[in-house]
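Could you walk me through this structure in my viewer, one selection at a time? I would like to know what to click on next and what is there.

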Amino acid sequence: LSSSSGLTHESHRKDVEQVYLRCSEGSIEWMYPTGALIVNLRPNISPASYKHLTVCIKPFKDSAGANIYLEKTGELKLLVRDGDRSPSRVYCFGYDQGGLFVEATPQQDISRKITGFQYELMSKGMAADLHTASAPCRPCSDTEVLLAVCTSDFVIRGSIQNVTNEAEEQESVIHVGVNKLYRQKSKVFQLTGESGNWRGQIKTLLECGVKPGDGDFLFTGRMHFGEARLGCAPRFKDFQRMYKEAKDKGLNPCEIGPD
């Protein structure tokens, strides 16, 4: 978390402050914004790898007081307009497309304004997984499922307990009962209640029309801004079949033990 306050620059309303961030994910909070911030993302990796990175930002729900631009060699491209209230909107761009320039907008009372957003740096391949705009609800092929098992942030066997739709955010929340936890990067799936059952939530696009159904599924996906996002999710019996076929041919990319 990087935090800054414009009140320290009250006498110099056109100040431009440089911020350097070394982490691959985090957040910026700019209280009482005046002037501008240049946000330099400098992850602790080889500069030669920068061209393979995608930057994504997600403004806080109540962020206000500044416009956020993509800046490269003095040219500004507006990313987020002050006051834009697009819930859960994520803005992504290639690392080599430029940096972030956050400019305060004129305010009568800056004490009521806080500009903030979360950011994530990821490989371009991972970002493509999250934003397959051409066919976001397309079922995965056998090969894609087997690869997802090896590379996803979470892999679980579970059932759909309920689905709640969030029309404003154009998302569905899948409430999952976990029967077997193969892997999770973050503690999204946890033991709940006295019965000791594992449960968790996975988000996906509302347009995919997910509904509660009987039987077990293999849920895979990635963590994105602290939330589990659905990737491939075949019925578990179909996953067992494709896993066995690949194993018999020596083509399964990793071992998981699908029983």
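Start by selecting valine 102 and showing its surroundings in this predicted model. Leaving aside residues up to four places away in sequence, valine 102 touches Trp30, Gly35, Ala36, Leu37, Val39, Ala66, Asn67, Ile68, Thr115 and Phe117.

Now widen the view to the largest nonpolar core, which has 25 residues. Val102 is one of those that touch the most other members, together with Leu41, Ile57, Leu79, Leu100 and Phe117. In soluble globular proteins, nonpolar side chains tend to be buried together.

Next, select residues 236-248, which form helix H3. Its 13 residues reach 18 Å from the first C-alpha to the last, close to the 18 Å expected at 1.5 Å a residue. Colour Phe236, Phe239, Met242, Tyr243 and Ala246, the buried residues of H3. Look down the helix axis: these buried residues fall within an arc of 125 degrees, so they line one face of H3. What do they pack against? Show helix H2 (142-151) and strands S11 (154-166), S12 (171-184) and S15 (217-224), and you have their partners.

Turn to the other side of H3, where Lys237, Lys244 and Asp248 are exposed. Then step on to glycine 250, which follows H3 and has a positive phi, near 70 degrees.

Finally, colour by confidence. The mean pLDDT of the protein is 85, with 87% of its residues at 70 or more. Over residues 8-12, however, pLDDT is below 50, and this stretch has 5 contacts in the model beyond near neighbours in sequence. Where pLDDT is low, the predicted coordinates should not be read in detail.

Definitions and conventions:
Residues are numbered from 1 along each chain as its sequence is written. This is a predicted model: local features need pLDDT of at least 70, side-chain atom pairs count only at pLDDT 80 or more; totals for chains, interfaces and linings use all residues. Side-chain values use heavy atoms; hydrogens and water are left out. pLDDT is the predictor's confidence in each residue, from 0 to 100. Contact means heavy atoms within 4.5 Å. Helices (H or I, at least four residues) and strands (E, at least two) are DSSP runs, numbered from the N terminus. The expected span of a helix is 1.5 Å times one less than its number of residues. Buried means under 20% relative accessible area, exposed over 50%, partly exposed in between (1.4 Å probe, protein chains only). The arc is that of the directions from the helix axis to the C-beta atoms. A nonpolar core is a set of buried Ala, Val, Leu, Ile, Met, Phe, Trp, Tyr and Cys residues joined through side-chain atoms within 4.5 Å.
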